[in-house]
Amino acid sequence: MAEQDYAQWYIQGLQALKSADQQGKEAAEAATKDLSDPELRKIAEEGAATAARHAETITRLLQEAGGQPSGKPNKIMEGIRAGTVDVMAAANDPAVKDASGVASAQISLHYYIAAYGTLAATAKHLGREKEAAELKRMADEMKAFDERYTKAGEARANKQASQ
């Protein structure tokens, strides 16, 4: 019984990520419009494209696990998106808006890193080694984006916003 519940929990996690990927893509596209720094815009655009690709992968993983997208919004990503909208709207100065965009993107990325990593471990325990490797790869991609945002934030956005 526990194994069946664990497998169902895995499917629900994939469903939540499917929704989060769509919401994250939309949030990245919206935030991109408010960024003044070309490098940050480039990272955000690439992030939106990665989220779209991840959504396709999650759909496939869901089908392989015997599930389907649920259509329910991801409550965690809803909160992150709402927070992003709020902090971006509150910033009047373009440099502060860029710094807010970096912070918001990194909060979102940290959610993905944790969620993909957790589901990778779950897939591994369920004997789904190929899925585990794919989810780990996706987490590693999010870590790389996080690092790019850290470098851009430290080199430009945060420096300019504080002056």
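Me: Which helix holds Ala121?

Reply: Helices are DSSP runs of H or I, at least four residues, numbered from the N terminus. Ala121 lies in helix H4, residues 94–125. This is a predicted model: local features need pLDDT of at least 70, side-chain atom pairs count only at pLDDT 80 or more, and totals for chains, interfaces and linings use all residues. Residues are numbered from 1 along each chain as its sequence is written, and side-chain values use heavy atoms, leaving out hydrogens and water.

Me: Is Ala121 buried, partly exposed or exposed?

Reply: Buried means under 20% relative accessible area, exposed over 50%, partly exposed in between (1.4 Å probe, protein chains only). Ala121 has 36% relative accessibility, so it counts as partly exposed.

Me: Which residues of H3 are buried?

Reply: Met77, Ile80, Thr84 and Met88. They cover an arc of only 60° around the axis, so they sit on the same side of H3. The arc is that of the directions from the helix axis to the C-beta atoms. On the other side of H3, Lys75, Asp86, Ala89 and Ala90 are exposed.

Me: What do the buried residues of H3 pack against?

Reply: Contact means heavy atoms within 4.5 Å. The buried residues of H3 pack against helix H1 (2–34) and H4.

Me: Lys97 is buried; which side chain of opposite charge is nearest?

Reply: Lys and Arg count as positive, Asp and Glu as negative; His and the chain ends are not counted. A salt bridge puts a side-chain nitrogen of Lys or Arg within 4 Å of a carboxyl oxygen of Asp or Glu. For Lys97 the nearest is Asp34, 4.8 Å away, and Lys97 has no salt bridge. The side chain of Lys97 does reach the backbone oxygen of Met88, at 2.5 Å.

Definitions and conventions: Helix = DSSP H or I, 4+ residues; strand = E, 2+ residues; numbered from the N terminus. Polar contact = N/O pair within 3.5 Å; in protein donor to acceptor, adjacent residues only side chain to side chain.
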